Amino acid sequence: MNKNEMLNKLNEVLQEKGAHIISFEYYKKAFGNMVLIIDYQNENHVFVVDRREIYYNDKFLFEFHLEGNDYYQKMKESPNLHFLLKAIEKTLY
């Protein structure tokens, strides 16, 4: 999945919940790391995917190393977006 496809998926999910993307960075060459800043209920929320770790507002949430391998084997694509969406669901809704 390329950056535009990821952005479209994020927009789709976030708009359903009334959230809006402020910025989204995807670093394909750096392990697929991502930085997502969203506005939700008039507050900024920062999510970072860094080498299979998820951070929310500078706090470590979880690591998805083993789960990520399982996801990759089933879906044949990077698990980063999948787990970013899980982190958003877990923290905001």
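This is a predicted model: local features need pLDDT of at least 70, side-chain atom pairs count only at pLDDT 80 or more; totals for chains, interfaces and linings use all residues.
Biologist: Which residues touch the most other members of the largest nonpolar core?
Modeller: They are L10, M34, L36, F47, L84 and I88, out of 24 residues in that core. Helix 1 (3-16), strand 1 (20-27), strand 2 (33-40), strand 3 (43-50), strand 4 (53-56) and helix 3 (80-92) each supply at least two residues. A nonpolar core here is a set of buried Ala, Val, Leu, Ile, Met, Phe, Trp, Tyr and Cys residues joined through side-chain atoms within 4.5 Å. Buried means under 20% relative accessible area, exposed over 50%, and partly exposed in between (1.4 Å probe, protein chains only). Helices (H or I, at least four residues) and strands (E, at least two) are DSSP runs, numbered from the N terminus.

Biologist: Which element supplies the largest share of this core?
Modeller: Helix 3 does, with 7 residues. The buried residues of helix 3 are N80, L81, F83, L84, L85, A87, I88 and L92.

Biologist: And what does I88 touch?
Modeller: Not counting residues up to four places away in sequence, I88 touches L10, L14, L36, F47 and Y93. Contact means heavy atoms within 4.5 Å.

Biologist: N80 is on that buried list too; what is N80 in contact with?
Modeller: Leaving aside neighbours within four places in sequence, N80 is in contact with F31, G32, N33, M34, V49 and F64. The relative accessible area of N80 is 4%.

Biologist: Turning to the strands, how do strand 1 and strand 2 run?
Modeller: They run antiparallel and are joined by 7 bridges; two strands pair if DSSP finds at least two bridges between them. S23 stands opposite I37 in strand 2. The two strands form a hairpin with 5 residues between them, and F31 in the turn has a positive phi of about 65 degrees.

Biologist: What about strand 2 and strand 3?
Modeller: Strand 2 and strand 3 pair in the antiparallel sense over 7 bridges, and the bridge partner of I38 in strand 3 is H45. Their hairpin has 2 residues between the strands, with Q41 in the turn at a positive phi of about 55 degrees.

Biologist: How many aromatic pairs are there?
Modeller: A search of the whole structure finds 4. The rings of F47 and Y56 form a tilted pair, because their centres are 4.9 Å apart and their planes are at 35 degrees. The rings of Y55 and F60, with centres 5.6 Å apart and planes at 70 degrees, are therefore edge-to-face. Rings of Phe, Tyr and Trp (its six-membered ring) pair if their centres lie within 6.5 Å; planes under 30 degrees apart count as stacked, over 60 as edge-to-face and the rest as tilted.

Biologist: Are F47 and F60 buried or partly exposed?
Modeller: F47 is buried at 1% relative accessibility, whereas F60 is partly exposed at 46%.

Biologist: Last topic: which side chains meet in a salt bridge?
Modeller: Those of E12 and K9 do, at 3.8 Å, N to O. A salt bridge is a side-chain nitrogen of Lys or Arg within 4 Å of a carboxyl oxygen of Asp or Glu. E12 and K9 are 3 residues apart in helix 1, so they are separated by about one helical turn.

Methods:
Residues are numbered from 1 along each chain as its sequence is written. Side-chain values use heavy atoms; hydrogens and water are left out.
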